[in-house]
Amino acid sequence: MVQAKSWILLKHFDGFPKDSDFEVKVEELPELRDGEVLLEAVFLSVDPYMSVFIGVFLLLSHRVIQSKNSTFPVGSHVVTSCGWTTHSISDGKELTPVMADWPEDVSLSLALGAIGMPGLTALYGIEEVLGLKEGETLLVNAAAGAVGSVVGQIAKIKGCKVVGSAGSEAKVAFLKKLGFDEAFNYKTITSLEEALRKASPDGYDCFFENVGGHFSTAAIQQMKNLGRIAVCGSISLYNDVTPQTGPYPHLTMIIKQLKMEGFLQSRWTHKHPESLKRLMAWFKQGKLQCREHVTKGFENMPAAFMGMLRGDNIGKAIVAV
């Protein structure tokens, strides 16, 4: 019998998460039935959206250690969404195989980051939602995170000017290393509006939105006419005890004729195989750098999650089991 350890949520977060919100449960898993596989966690992901969609802890890289399903032999690797757990049993329906030609010299943890859901989110936001064109200027906030750092690099590959904001000088330095044209620390500037204007006096053609709140309000004011905004996240709002309200940008959006669209990468699932190959190719060519913030130990899952929400990570936050 295999024992599975799982982190469970004792109660929904009241403001910022606390250690007391989580608890470890241990259970013995039954024997496999025909068509099932036993999975062992290798890497687990922590992401901002988990604060809101708390029942959907996603992005877990698992190794198949027992199998009664010919599609997933022992030793194969998959990405799935079975929760913060060390072991689980699956009938295979919710498993996504790691790309068959995954290079041996590339860590499988990247299947949870730049060559996985965050990378796909960045790619589709740029290509499908924004339709970013060569020579345009793109603004991205939370730019040193898992999605934002890939957004900026893809935009540079496409020949665009990229402006990014982040929450520390180390993160700003990281963005400069990635090739961002302008980057600033939103925590130390005296005026967000002024920093945005200085970074791109002519305004912004496109805005990849990860933060929401005051940043969104300020950025919308500095969009060019017919600008496009891709809404990927709203991290500044996730842990509010009292929901934020207004100001409301409708008049500005009307006058400037802005397009603003929320999206999830799952809309383009049919494109995933080809898109992942493109991301991997950019990585192997050195055009896409992948920084990870790795926390070791399953017992540290809540700490890694809360640290990510505080902005401790540069790049993708990963837990190595």
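Buried means under 20% relative accessible area, exposed over 50%, and partly exposed in between, with a 1.4 Å probe and protein chains only. The model is predicted: local features need pLDDT of at least 70, side-chain atom pairs count only at pLDDT 80 or more, and totals for chains, interfaces and linings use all residues. Residues are numbered from 1 along each chain as its sequence is written, and side-chain values use heavy atoms, leaving out hydrogens and water.

**Exercise 1.** Work out which residues of α2 are buried and what covers them.

*Solution.* 
1. Locate the element. Helix α2 spans residues 148–157; helices (H or I, at least four residues) and strands (E, at least two) are DSSP runs, numbered from the N terminus.
2. List the buried residues: G148, S149, V150, V151, G152, Q153, I154 and A155.
3. Draw the conclusion. Eight of the 10 residues are buried, so α2 is largely enclosed by the rest of the structure.
4. Find the cover. It includes α1 (117–130), β8 (137–140), β9 (161–166), α3 (169–178), β11 (204–209) and α7 (272–284).
5. Just after α2, G159 takes a positive phi of about 80 degrees.

**Exercise 2.** Characterise the interface between domain 1 and domain 2.

*Solution.* 
1. The domain assignment gives domain 1 (2–113 + 290–320) and domain 2 (117–265).
2. Count contacts (heavy atoms within 4.5 Å). 19 residues of domain 1 touch 13 residues of domain 2.
3. Take the area. The two domains bury about 1300 Å² between them, 64% of it on carbon and sulfur atoms. This is accessible area (1.4 Å probe) lost on being put together, summed over both parts.

Definitions and conventions. Domain bounds come from an automatic or database domain assignment.
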